[in-house]
Amino acid sequence: MAESETFRRLAAELSLEERRELLARLNSYAVLSKEVLFHEEDVPPTVDSSQQYRQAPWYYKLFLFLLSLISGKKPAELFEERLIAKLGASVETHAPGVFDYRQNLLLSGFREELESLKEGARFFYEALDVGLNSDKGAFFAFLASLEMDFVHRRLTVETDPETISQANSSYSTGDVRQFAQRTMEEIFQTIQEDERRRMYRDARSLHCLKELSSFLYDRFLSAFTYDGAYKAPVAPAYVVLDQMKVLNDILYSLQDPPTMPLLETLFVFQFQEHSKEDSSDLSAEIRTLLNRAEEALGRIRQFNKRIPLTAIIRCVSRDLGYLPRPITGGEDWFVVYRDYWKHQLEEKFTLFVQNRRRADLIENFKEYFKGMIIKPLLYVSSETNPEGIPLKNTFALSFLQAFSQYIFLPTLNRVLKPILIDGEFYKKENRAEFTEAYNELLKLGDTIASFEQNLSPTGDLGKRYDMAKSEITSLPLKRKKIQSIVQEASDEVASIVGRASKAFRSMVAVLGGILHGEAQGKYDSLANLNALSGRSGSYLNQLKDAYYRFEKALQILTEIQEIEAGR
């Protein structure tokens, strides 16, 4: 099973009704504050020092002129310095222990709040790393199923190739594909403006949270060192001025708390990463995550209330006209969302074509095996055994198992054994190839049975698979162990199928040479073919039948391999 498919398992298995029910349950918990994170009105208005200087009383200008004679600075510069000093004094009054405007230092109070903000942001970094970074398309699709549930229902149902085919029985596979693609584009066009706004708001909130959580806090904090005049670490404000501006832009952009649909999506994706298989409780986990989210959001609100970052930056940069700028991000949500559904449609269509070809193959099986049933492999994941080991190419192995049981051992073996024992080949390499293929096919049934036993709870692979699934460890490590075992088993399947395919090709080539070969060709006939055939010639007819059966088996096996390879 591919990594992305493993990762999306829980999100995909939750039906739309279950998602809505979960959202209602989250809302009922009501532990999250809806208070904004950043009050835009708290940003002090800009100051045009030049204009204020022009409007100052004449006597104040005269006073500044006299000071300029002593200091050597222009009166307007002195006026601006006084405004900055006034702003700095205001910061010290309203946020004591945060900033020393005379020394241009960030104090321990700033450091403590920055560390608290870092701790709050760390929660969202973990959640975003699990959800957004692992599969952004699946994340937005899950989110959209909550924000645009009607659109989600239509995309799920109306673009399904199987549904389209059933409603339009005359459609070819190409017609089905074109209809699905056209329907998808039409559904995208029906997305309402308020739905787009909700998705953009969530996407933007997501982006801002990501920027806040990935901010370089440690680099900022490393600027704080002990100074002899202070009992706690301080930092020269000018050293971290650029970082303060970056942080201020992010906080200014993240004004509204994340919506409940966005949090649900984050929590579902985070839950499936940290769950310990069946031992996890989604409801309890979500309660825990909600509490952690409220704590994290509270730390962001506290930093914004406690730290007048815009005012501090104006003092440090000596720019009274400075304002935080909203960061860009989130605008690509629709492109990601549309690409995800296009990819989903391609996957569904590939599966649709494979199922059609598989259905045709099953009809061929009925004829080839004369009504005998092909049984799925034991202990392998299937619709009837979802707890089995998820392996690839097992359809081919089931075919080979039926071939050995119903065709080779009871029928073809009797035809081939006289050649093996008494056949007089002109070329020894032809005999060697025939013998190798015969021996491979003779033990094919036992080989598959032995492999099945290896997958059983008492077999080596089965034991290790069960142990890996039940092991209490981190999910990435558990997943790595499981995938290693699955890959080992898949490699064995590929090896068995590959050897059988080679044996089929050899039998077609060797038997074709015996029946139709020329003396100078690579494969020619037997020196004693007439003796083996006997007077009635019935053996020759049996040999021809064996040739066609191998030829058909090779054709079926090749087609199975192509289907399972997605070609």
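The model is predicted.

**Lysine 305 and glutamate 35**
- Lysine 305 forms a salt bridge with glutamate 35, and their closest N and O atoms are 3.0 Å apart.
- Lysine 305 sits in helix H16 (residues 282–306), while glutamate 35 is in the loop between helix H3 (16–29) and helix H4 (49–55), so the pair ties together parts 270 residues apart in sequence.
- Lysine 305 counts as exposed, because its relative accessibility is 55% and the cut-off for exposed is over 50%.
- Glutamate 35 counts as partly exposed, at 29% relative accessibility.

**Glutamate 440 and arginine 499**
- Glutamate 440 forms a salt bridge with arginine 499; the closest N and O atoms lie 3.2 Å apart.
- This pair links distant parts of the chain, with glutamate 440 in helix H20 (residues 428–442) and arginine 499 in helix H23 (residues 475–516), 59 residues apart.
- Glutamate 440 is buried, because its relative accessible area is 13% and buried means under 20%.
- Arginine 499 is partly exposed, with a relative accessible area of 29%.

**Glutamate 488 and arginine 464**
- Glutamate 488 forms a salt bridge with arginine 464, with 2.9 Å between the closest N and O atoms.
- Glutamate 488 lies in helix H23 and arginine 464 in helix H22 (residues 460–470), so the pair ties together parts 24 residues apart in sequence.
- Glutamate 488 counts as partly exposed, at 38% relative accessibility.
- Arginine 464 is partly exposed as well, with a relative accessible area of 29%.

**Salt-bridge network**
- Salt bridges link Glu147, Asp194, Arg198, Arg201 and Asp202 in a network.

**Helices H19 and H21**
- Helix H19 (residues 394–422) packs against helix H21 (residues 444–455) at an angle of about 135°, and the axes are 8 Å apart.
- That angle makes H19 oblique to H21.
- The two helices, H19 and H21, cross with left-handed geometry.
- On the H19 side, the contact is made by Leu397, Leu400, Gln401 and Ser404.
- On the H21 side, Leu444, Gly445, Ile448, Phe451 and Glu452 make the contact.
- By class, the contact of H19 with H21 has five nonpolar, three polar and one charged residues.

Terms used
Residues numbered from 1 in each chain as written. Predicted model: local features only at pLDDT ≥ 70, side-chain atom pairs only at ≥ 80, totals over all residues. Heavy atoms only, no water. Axes fitted to C-alpha atoms, helices over the stretch in contact; angles between N-to-C directions. Helix = DSSP H or I, 4+ residues; strand = E, 2+ residues; numbered from the N terminus. Parallel < 35°, antiparallel > 145°, perpendicular 65-115°, else oblique. Left-handed = near helix turned anticlockwise from the far one by under 90°. Contact = heavy atoms within 4.5 Å. Nonpolar A, V, L, I, M, F, W, Y, C, P; charged D, E, K, R; others polar. Salt bridge = Lys/Arg side-chain N within 4 Å of Asp/Glu carboxyl O. Buried < 20%, exposed > 50% of the residue type's maximum accessible area, 1.4 Å probe, protein only.
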